[in-house]
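Reader: I am new to this kind of picture, and I would like to learn how to read it step by step. Could you guide me?

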Amino acid sequence: MPVPLAPYPTPPTQFTPPANGTQSQLVCSGCRNLLLYPVGATSVCCAVCNAVTAVPPPGTEMAQLVCGGCHTLLMYIRGATSVQCSCCHTVNLAMEANQVAHVNCGNCRMLLMYQYGARSVKCAVCNFVTSVGVSTSAAEQKFNS
């Protein structure tokens with residue numbers, strides 16, 4: 001009796017990114033490495049730690065900040081007011097570009113970022129406190145009191 005031949009199994013197909021090469025990026029939920037992925041993917045598997053990170057829905061605008069506790073790059077959905085670091089659990093304030101201003105440190109000239117309304121900002125490099133804004137100086141306050 002003849003034995004029926006089974007068809008050869010089809011080899012697994014490799015995913016090919018879109019022809020126009022559009023990619024996006026996100027931070028791995030496991031090891032915090034920056035991952036690149038093709039637009040349209042719903043999740044990304046990290047090659048370093050094998051953690052699977054969900055991709056935010058299309059059209060979601062993402063922003064980045066550096067954690068004030070451990071200096072890890074954090075990505076979050078734009079518009080959030082605070083972001084908790086998954087590494088050190090520090091809660092970081094997330095400010096939009098129109099809520100912050102810049103000034104050079106009065107000592108080492110490092111560019112510093114501060115929240116609008118602040119009267120001074122302390123440099124993380126040299127610890128010098130730079131006065132900012134149009135607030136009245138201490139000498140004028142003393143004179144007027």
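Reader: Which residues does the UniProt annotation "domain: Zinc finger LSD1-type" cover?

Author: This is a predicted model, and the annotation comes from an unreviewed UniProt entry, which places the domain at residues 28-52, 67-91 and 105-129. Over residues 28-52 the chain is 36% strand and 0% helix, with the end C-alpha atoms 8 Å apart. For residues 105-129 the span is likewise 0% helix and 36% strand, and its end C-alpha atoms lie 8 Å apart.

Reader: What share of the residues in the protein chain is buried?

Author: Of the 145 residues, 21% are buried, while the accessible surface comes to about 10,900 Å², with 57% of that area belonging to carbon and sulfur atoms.

Reader: Is Thr130 buried or exposed?

Author: A residue is called buried when its relative accessible area is under 20%. Thr130 has 8% relative accessibility, and therefore counts as buried; its place is in strand 12, which spans residues 129-131.

Reader: Which residues is Thr130 in contact with, leaving aside its neighbours within four places in sequence?

Author: With those neighbours set aside, the contacts of Thr130 are Val103, Asn104, Cys105, Gly106, Leu112, Arg119, Ser120 and Val121.

Terms used
Residues are numbered from 1 along each chain as its sequence is written. This is a predicted model: local features need pLDDT of at least 70, side-chain atom pairs count only at pLDDT 80 or more; totals for chains, interfaces and linings use all residues. Side-chain values use heavy atoms; hydrogens and water are left out. Helices (H or I, at least four residues) and strands (E, at least two) are DSSP runs, numbered from the N terminus. Buried means under 20% relative accessible area, exposed over 50%, partly exposed in between (1.4 Å probe, protein chains only). Contact means heavy atoms within 4.5 Å. Accessible areas come from the Shrake-Rupley method with a 1.4 Å probe; for residues, only the protein chains shown count as cover. UniProt positions are given in the numbering used here, feature names are shortened, and annotations may be inferred rather than shown by experiment.
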